[in-house]
Number of protein chains: 2
Amino acid sequence: MENFTYCTPTKYVFGRDAESHAAEELKNINIGRVLVVYGGGSVIRSGLLARVISVLDNAGIFHRELGGIQPNPTDPKVREGIGMCRRDKIEGLLAVGGGSVIDTAKAIAAGVPYDGDFWDFWAGKSVITEALPVGVILTIPAAGSEGSGNSVITLLDGLHKISLRTDYWLRPKFALLNPELTFTLPPEQTAAGIADMMAHIFERYFSPTADVEITDRVSEGVLKAIIEEAPKVMADPCDYQARANIMWSGTLAHNGICGTGRKEDWASHAMEHEISAVYGVTHGAGLAVVMPAFMTFMAAHAPAKGAQLARRVFDVVETDDRKAALEGIERLKTFFASLGLPLTFSQLGIENPDVELLVRKLHENKGEIIGGYYPLGAKETAEIYNLAR
Amino acid sequence: MENFTYCTPTKYVFGRDAESHAAEELKNINIGRVLVVYGGGSVIRSGLLARVISVLDNAGIFHRELGGIQPNPTDPKVREGIGMCRRDKIEGLLAVGGGSVIDTAKAIAAGVPYDGDFWDFWAGKSVITEALPVGVILTIPAAGSEGSGNSVITLLDGLHKISLRTDYWLRPKFALLNPELTFTLPPEQTAAGIADMMAHIFERYFSPTADVEITDRVSEGVLKAIIEEAPKVMADPCDYQARANIMWSGTLAHNGICGTGRKEDWASHAMEHEISAVYGVTHGAGLAVVMPAFMTFMAAHAPAKGAQLARRVFDVVETDDRKAALEGIERLKTFFASLGLPLTFSQLGIENPDVELLVRKLHENKGEIIGGYYPLGAKETAEIYNLAR
């Protein structure tokens, strides 16, 4: 077990009607002027945005709105938000949506009090020491951004998609989690979200650190819960209990509890980020393609952790590690397929992936060697991309 | 799944040498004058207290010391600490020890800014709205007080042992967790700590709330980690990795993550509190006696959850719920016995327990009906106490 520091100060308010607490929670942290950030039409169509605005109005909270955040969010909206906050003396942000909306709100929050360009933080040229507080009303359980200190933004110029991780500054102050808000998610988005949260655990599970039984067991528990509840939300999108279990699982998958005391991997996320930056695919769908390919590579080169996953989560009984790992991957693929997720580039709609381009951009953005469980250079990442064809 | 609010703002610093961060963490929360609370001789003999004092001195932090906190801590030391804090304008507390020390520090922290008697909070006559900040250097993984909002104090007058639970005010601001500090724990204290942390999970696991798969699975994961690591710390008290796993498990067992979204039980803890208040036994040892008796009662009246525990944690394959639950209890008892824990009143050193007295005080302190999983009146609690003979 490695030394670690762990602090998750986010206050979670979970349950039916959680979003009605927005004004109260903003006031608890002394925010009287807020920028509401949201995405496309669904929060408008569902009436959620209007409800939230009405709650703010009734509480006398000044608000501005920034809508139109797209999946795989890009820097122009962040800059637009920073400008709005400065102009209107905004004191905090309220993200109403999924990971893209929350990540954009976080980037705005970090950029407002900073003299330079916000991208400096994502480019590693500067470190956040101050940020506006961010609150969240979650509508898509997937990215885990409601409880994480991360934010993924793509710089349009050069399509650099970068995930910035902070211990403290980018963690939301509060997150309002109402499973009912996820009833209207289309099946492909529900499924992609499930792949995303599972990947957040796999990235921590494939670790070079030995002797982290407690963190392994918690991770395996969250995975088992997801695997049991996922078919229920696919079968009945309005199954409150199953939606609730999936929603809370998505938060636990990425608020750090599955990573305590160990080095993490994140190679699959890095590899997928290049796919979605270049081809604009849904992040979770891209992960469903990359993760099994990553695990297949590992079954050949370092099968131990994949074998443990197979035995403890997928009930594989095989004693040989390599065979067990491969059998686990088959069961994972079967599970992903049952949710309607793609398993190959081709099923993702990319008939001829430009592996050379992906590999070049990957190592340009993330360095010569990526991964924590097993070191991956350009030769190895190309092999994994090719395994996903 | 029930609606819930969950916030664990405690900053955990985990690993070798964690205690050396004491001054830094106190300064981070603007504490310049601190009361150091500790127990008996072990923190003196080990040199830990002197090391901590030296760290404070080097950082120019003013400090006073309050030692001699006993297991099952009582109100006089709390009153003494409150007096010291007021006299010396103390700004925060640093608890160096296990649950009794931390719980005393928390009670002092709540009492200092309060005009009335601190016991008002424990007696349910008043609600905490202010408290001095508390930091922790943990030496005994057991009570989980380093991450919980709870404090258990016994009022000497009448031997009322009461656990007060708060969402926020009694949660430590930081907890420094160095597994090496637990190397010198005697085996019976290590074992009692393990029983205590397992009980913290069982109290949440035996819940009337259905459909909390995610919380069940996380709870089962923590239990499995404890069961796997416990024999290692008993065999080699200086096994750093096993001690680390046990220490972090003890925190997760009681910081609330195993209870999200469900009603909890806490009947066993309430029943044990009467035993340790009357007979002065070690809390964890008392729990090792009460928990199997509680579960045996449940196997007869509401076997479902015990059966799930047996199958998922103790690998029982029996299909009949009652039989499965009973088989799980046998395995739990075998596990407790392997750690040298008592399983009966008699093994606890109480040949003729005064069940009538225990039952009377229990319901006087906790109300006519206790328990969340299954309602327990005086007839039922007497039956459980008798099952533990």
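On the side of chain B that touches chain A, strand 1 (4-14), helix 8 (213-235) and helix 9 (240-254) each supply at least two residues. Helices (H or I, at least four residues) and strands (E, at least two) are DSSP runs, numbered from the N terminus.

A word on conventions. This is a predicted model, in which local features need pLDDT of at least 70 and side-chain atom pairs count only at pLDDT 80 or more, while totals for chains, interfaces and linings use all residues. Residues are numbered from 1 along each chain as its sequence is written, chains are lettered from A and ligands numbered from 1 in the order in which they are written, and side-chain values use heavy atoms, with hydrogens and water left out.

I turn to the extent of the interface. Contact, meaning heavy atoms within 4.5 Å, joins 38 residues of chain B to 38 residues of chain A.

Next, the salt bridges. The rule finds four across the interface, each a side-chain nitrogen of Lys or Arg within 4 Å of a carboxyl oxygen of Asp or Glu. B:E228 forms one with A:R217, their closest N and O atoms lying 2.3 Å apart.

Finally, the strands. Strand 1 of chain A (residues 4-14) pairs with strand 1 of chain B in the antiparallel sense over seven bridges; pairing requires that DSSP find at least two bridges between two strands. In this arrangement, B:F14 is the bridge partner of A:F4.
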